[in-house]
Amino acid sequence: MALSLSFGPFSVHFMVLVLSILNTSIHASDPPLTLDYYSSTCPTVFDIVRKETECAVLSDPRSAALLVRLHFHDCFVQGCDGSVLLDDTVTLKGEKKASPNRHSLKGFDIIDGIKNMVESECPGVVSCADILTIAARDAVILVGGPYWDVPVGRKDSITAGYALAETNIPTANEGLVPIIAKFLYQGLSVTDMVALAGAHTIGVARCENFRDRIYGDFRATSGLNPISASYLSSLRSICPPIHGGENNITAMDNVTPNLFDNSFYHTLLKGEGLLNSDQEMYSSVLGIQTRELVKKYAADPLAFFQQFSDSMVKMGNITNLESFANGEVRKNCRFVNT
Ligand code: HEM
Ligand SMILES: *[C@@H]1O[C@H](CO)[C@@H](O)[C@H](O)[C@H]1NC(C)=O
Ligand SMILES: *[C@@H]1O[C@H](CO)[C@@H](O)[C@H](O)[C@H]1NC(C)=O
């Protein structure tokens, strides 16, 4: 027992060591991001983004989830540089069709709308990467989550990372230890991971991402109580065991699906997490530290909000020097400037 418990963390450190030797260009606080970066060149940018994000979230609360996830998938692939927003062209292979994103990432049209408004006010000044970062913050507030200040000054990449999107972004049926390794690789801690995964308090998942869970250990983790059993059968009715319904969706927090609160952690305490990756933070035998954090955020919503805010800033700080040195402010978030 003791041996297997210490093996997990050791192998994570080892993997991260190897990974950081292979690629030293990612650091969580390299860029000189500041709160007042646009204060003379585009003083109204925060107001414009807030107003446009508000329209999007009021017309469909799911928009909040879309924006937060877009920002996450942007930052985990060559840093927060708007690379996720690029469309495929003859010369550029975008990230949108990479397996974690395909049929899944949405909300690009919301960013286009905000960008248009920002461009009409301050042409050529504000990067798409910054717009996405600010919009993700505003989205969280609009569905009841915490406020934090957003450092800005990011550049938009002139490249995308299809292969990095396939490797860096954690997936639902990956084990806890490899997922932790993916966060450590980005300079984020286990605490950051458990807090950031709390974003699953809003938004939905598709059948193909929770099928293995609901036909796997869901019954075992949620016990025999009749409420869990009926929740499980409703999940199974929208997601058949073998084929069909791949794109059928359901909320990850089935109690308050459109509210940014800590009830996601309560679903994990009940053993009713929708994704394997989420439930493992509480139920895995390797998840000693993650389990304590899940309990802490379930018990203390303020602690969750504070850590989530800090961790979002930290995630937003991920940058690579390449995009920073050779990057630009795109005119259209979908295409590199010509
Ligand atoms: C810890 C590792 C994580 C894994 C394995 C993971 C995996 C997933 C999966 C499989 C989905 C459903 C996608 C679909 O079925 O189309 C999803 C949705 C979502 N994820 Fe994560 N995620 C993780 C962390 C995060 C983080 C750090 C954030 C943001 C801070 C985030 C925000 C979201 C949001 C908001 C949604 C809902 C999107 C929607 O409604 O379309 N996730 N995630
Ligand atoms: C998809 O979900 C709907 C209910 O939301 C259900 O009626 C339908 O049967 C599901 N599709 C499959 C293939 O199970
Ligand atoms: C994020 O970056 C800003 C500016 O570069 C820095 O002041 C701040 O301490 C960083 N925050 C975290 C949590 O890394």
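## Loops, domains and ligand shells

H103 sits in the loop between α3 and α4. Helices here are DSSP runs of H or I with at least four residues, strands are runs of E with at least two, and both are numbered from the N terminus. The model is predicted, so local features are given only at pLDDT of at least 70 and side-chain atom pairs count only at pLDDT 80 or more, whereas totals for chains, interfaces and linings use all residues. Residues are numbered from 1 along each chain as its sequence is written, while chains are lettered from A and ligands numbered from 1 in the order in which they are written.

**Loop residues**

H103 is not a glycine, yet its phi is positive, about 60°. Q78 lies in the loop between α3 and α4 (108–121), and this non-glycine residue has a positive phi of about 50°. Most residues other than glycine have a negative phi. C239 belongs to the loop between α11 (226–238) and β3 (249–251).

The table gives the burial of these residues. A residue counts as buried if 20 or more other C-beta atoms lie within 10 Å of its own, as exposed if 12 or fewer do, and as partly exposed in between, with C-beta atoms placed from the backbone.

| Residue | Other C-beta atoms within 10 Å | Class |
|---|---|---|
| Q78 | 25 C-beta atoms | buried |
| H103 | 12 C-beta atoms | exposed |
| C239 | 23 C-beta atoms | buried |

Apart from neighbours within four places in sequence, C239 is in contact (C-beta atoms, placed from the backbone, within 7 Å) with C207, F210, R211, I214, G245 and N248. Its C-alpha atom is separated by 9.6 Å from that of Y215, which is 24 residues away along the chain.

**Overall fold**

The protein has 16 helices and four strands. Its radius of gyration, taken over C-alpha atoms, is 20 Å, which agrees with the value near 20 Å for a compact globule of 338 residues; that rule is 2.2 Å times the number of residues to the power 0.38. Along the principal axes, the C-alpha atoms fill a box of roughly 60 × 45 × 40 Å. Of the 338 residues, 43% are buried. Among contacts between residues at least 6 apart in sequence, 80% join residues at least 24 apart.

**Domains and core**

The assignment, which comes from an automatic or database source, gives domain 1 (44–169 + 316–326) and domain 2 (176–180 + 182–312). The C-alpha centres of domain 1 and domain 2 are 24 Å apart. Domain 1 puts 19 residues into the contact and domain 2 puts in 16 residues. On the side of domain 1 that touches domain 2, α3 and α5 (128–142) are the elements giving two or more residues. The largest share of that side, five residues, is from α3. By class, the side of domain 1 that touches domain 2 has 10 nonpolar, six polar and three charged residues. Ala, Val, Leu, Ile, Met, Phe, Trp, Tyr, Cys and Pro count as nonpolar, Asp, Glu, Lys and Arg as charged, and the others, Gly among them, as polar.

A nonpolar core is a set of buried Ala, Val, Leu, Ile, Met, Phe, Trp, Tyr and Cys residues joined through C-beta atoms within 7 Å. The largest has 82 residues, of which I131 and A135 touch the most other members. Helix α5 gives the most to this core, nine residues. Both domain 1 and domain 2 give residues to this core, so the core lies between them. Not counting residues up to four places away in sequence, A135 touches V49, T53, L67, I111 and I114.

Helix α7 (residues 176–185) is largely enclosed by the rest of the structure, because eight of its 10 residues are buried. Among them are L176, I179, F183 and Y185. After α7 comes G187, with a positive phi near 85°.

**Ligand shells**

A residue belongs to a shell if its C-beta atom, placed from the backbone, lies within 6 Å of the molecule. Ligand 1 is surrounded by 24 residues, and the closest are A65, S104, L196, G203 and R206. At least two shell residues come from each of α3 (62–75), α8 (190–196) and β2 (204–206), with α3 giving the most, six residues. The shell around ligand 1 holds 15 nonpolar, six polar and three charged residues. Domain 1 and domain 2 each supply at least three residues of this shell.

Around ligand 2 are I238, P240, G244, G245 and N248. The shell around ligand 2 has two nonpolar, three polar and no charged residues.

Terms used:
Two residues are in contact if their C-beta atoms, placed from the backbone, lie within 7 Å.
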